[in-house]
Structures are given as C-alpha cells and as structure tokens.
Amino acid sequence: MGEQNEGRAGKRELLRLEGLKTHFHVEEGVSKAVDGVDYAILEGETLGVVGESGSGKSVTALTIMGLVPSPPGRIAAGRILFEGRDLVGLSESEMQKLRGNEIGMIFQEPMTALNPVFTVGNQIGETVRLHQGLDEIQARARSIEMLELVGIPSPHTRVDCYPHELSGGMRQRVMIAMAMACGPKLLIADEPTTALDVTIQAQILELMRGLQEERGMSILLITHDLGVVAENAHHVAVMYAGKVVEYASVEDLFERPRHPYTIGLLHSLPDLAPPGERLKTIPGIVPSAFAFPSGCRFRTRCPIATSKCAEIEPPLVPLPGEPTDTDHVHTVACHHLDEAQKL
C-alpha cells in the first residue's frame, strides 16, 4: 500500500488520481474519454468536478468505481490511489468489497439506476447483507433506518414501495440511502439533482451536506452547474475534453478564474451577468473524443488562441507566484494567462 499525503490541518488525502486515462476501443476508433486526469480529495471535503457534457466527468467517476465496461473500455494509464492503495488492476472481487462499502455512488437518473422489480427496501438491504453480513430482518431494519435518515416520510411503509411508486425527489433520496447504507468514506454524486425542481434540488444538496458533516465523509460532486459547486464544494476541478484544465479552491476559482474555458463558464451564469445584458456563450461544442484537436483542446473555441496553442499542449501547472508547498495549489493549463485575465 502506498503512502498517504498529509493535507491541511492534518487531513489526509483520501483519493488521488494521477494521469488517469480511460479509452474505449470501438469500430470507429479509440475514444479517449478520459485522457490524463489529475486531482485529489481530502478527508471530509468536497471536490466539485464541472464541465460540459462530453468532458469526461462521469467516465472518470465510473473508472474510480471500476464500472467501465471492458471491452470496449479499459484504463490505458494512470493510478487511482484510495487511502494510498492503487485501485487500478484490482480484481472484480476486490472492487466489489470496496463498492458500496468504502465508496458509494449516486447515479444521474435514479429511475434507471434502481431496479423496477424490487422494492426500495430490498435494494438498500442488499448492500448491507453483502458487505456487513446482516440477515434479512436486520437488513430491513437498516433500510428503514436509512430511509428515515434521508428524510423520507413513513419509512416503515415506503420500505415496501417499488421505485415507480415514489416521486423523483424520493427516488433520489433512496439512491442516497443506498449509497450511504454502509457508511462509505467517499460518496461520488454524479449530477445528483438532475431533473429535479429547484426546491427538491436544494433539499437534496442540504441533505448531502448534513450527512457529510455528521459522518465526516468526502464527496466527489460531479455537475455542470457552477452555482451548485459554489455553495457545496471546497475545491473545484474544471474538465474539458478528457482533461482537467483548471484546479483551485472554490473561492479562488470564482474570484480569479484563469483558464478561458472557466471564464466562459462563469460568464454564462445568470447570477453573474450585469442586469439587462445578454448572457455570454461559448461558441462551438466539445470536440469528439475520437479526434481531439492538436495542442490545446479548447483552442478551436478560444478567443485568444494562437498558433502556439495548436502546436503545444499546455501542461497543468501552478499559477506564477503560487506557493507550491500548500495543498490544492491553483493550477491552470493555458499558454496565455495574461491575455485570459482580460476576458
């Protein structure tokens, strides 16, 4: 087992990704969905991972969980260090011991993630029976306890409901109950408020914050919503075309974004736009993972791109003058930081 790095105020790194690459080999060619991702999460903290659809956020999460279908997917390079142990190369049985027990995951759409032919109590109970050896009576009691914990009314009745009998907000709470049943150290939340109305979104996020404070777990929060990140994350990794292009504390990212892509995302937020002005947009779309542009992958959409951007891929490095002896240094992958500040 590898060594764990010590973090701020004695906190340890729970998870670290180093040069992670997940590629899919299909008839059309090789899709480099995740193509060199580096970030870390400290114990008890939340890392927000943001970016447009197709940036590699969810595939990164599935890779951590060992849920990338193989074939066609495979980890082409890199390490996934969980408590200092590299998860890359573990057998399926070894990953099963971690999934749900040490690492829990809330999937994007609970109606597709939940099995329609089993009650929610049965599905929550399966996790604790598998990992903690509880019998059926004990597992049912734990399921009711978890449903109550996540704020579902009448848990003794709801435990026998099927997913289609519950509202979208309740199904999302069931997903959280399943992910939390074994008390994981890391909770991966992949777009946990997708398709929920604003009121229910706020309730779900508040529930996750409360559980984090109560249990001291770490959260990997994947979202396209920078507003959600601003209110819930400690640090942010901005992903574009399979890579992290900017990484900073949440305060630093919002106060002094430095990558043109991050700046573009922030300019598109309604809350940050001057009254009466049209929202700015980023032209174009995320490039195909089958054929990323040479050099900087954002250059085809960037207003300050030059020939250098096409020739040389910018590394993810600390900002000039940034102290490098602190945790989670503000890092950016851009050749033109001075020009980006003027955007």
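1. The lining of the second largest cavity splits by class into four nonpolar, three polar and one charged residues. The structure is a predicted model, and the points below concern that model. The volume of this second largest cavity is about 60 Å³.

2. Which residues line the second largest cavity? They are Thr46, Leu205, Met208, Arg209, Gln212, Ile219, Leu221 and Asn232. Helix α8 (198-215) and strand β8 (218-223) each provide at least two of the lining residues. The biggest contribution is from α8, which gives four. Leu205, Met208, Arg209 and Gln212 fall within α8. Ile219 and Leu221 fall within β8. Arg209 is the charged residue of this lining.

3. How many cavities of 30 Å³ or more are there? The count is three. The largest cavity holds about 80 Å³ of space. Its lining has 13 residues, and those nearest the centre are Pro260, Cys296, Cys302, Cys309 and Cys334. By class, the lining of the largest cavity has nine nonpolar, three polar and one charged residues.

4. Now the open site. The largest pocket has a volume of about 500 Å³. Its lining is made of 20 residues. Arg99, Gly100, Phe107, Thr127 and Met178 lie nearest the pocket centre. Two or more lining residues come from each of β6 (103-106), α4 (120-132) and α7 (168-180). Thr127 falls within α4, and Met178 within α7.

5. Which element gives the largest share of the lining of the largest pocket? Helix α4 does, with five residues. By class, this lining has 11 nonpolar, seven polar and two charged residues. Arg99, among the residues nearest the centre, counts as charged.

6. Are its residues buried or exposed? Ile103, Gly104, Met105 and Ile106 are all buried. Ile103 and Met105 point one way from β6, whereas Gly104 and Ile106 point the other way. Side chains in a regular strand alternate between the two faces of the sheet.

7. What is the pairing partner of β6? Strand β7 (residues 186-190) pairs with β6 in the parallel sense, over four bridges. Within β7, Leu187 is the bridge partner of Gly104. Gly104 is buried.

Methods. Residues are numbered from 1 along each chain as its sequence is written. This is a predicted model: local features need pLDDT of at least 70, side-chain atom pairs count only at pLDDT 80 or more; totals for chains, interfaces and linings use all residues. Side-chain values use heavy atoms; hydrogens and water are left out. On a 1 Å grid over the protein atoms alone, a cavity is a set of points where a 1.4 Å probe fits but cannot get out, and a pocket is an open set with protein on both sides within 12 Å along at least five of seven lines; lining residues have an atom within 4 Å of a point. Grid points are joined across faces, edges and corners, and a volume is the space filled by probe spheres set on the points. Buried means under 20% relative accessible area, exposed over 50%, partly exposed in between (1.4 Å probe, protein chains only). Two strands pair if DSSP finds at least two bridges between them.
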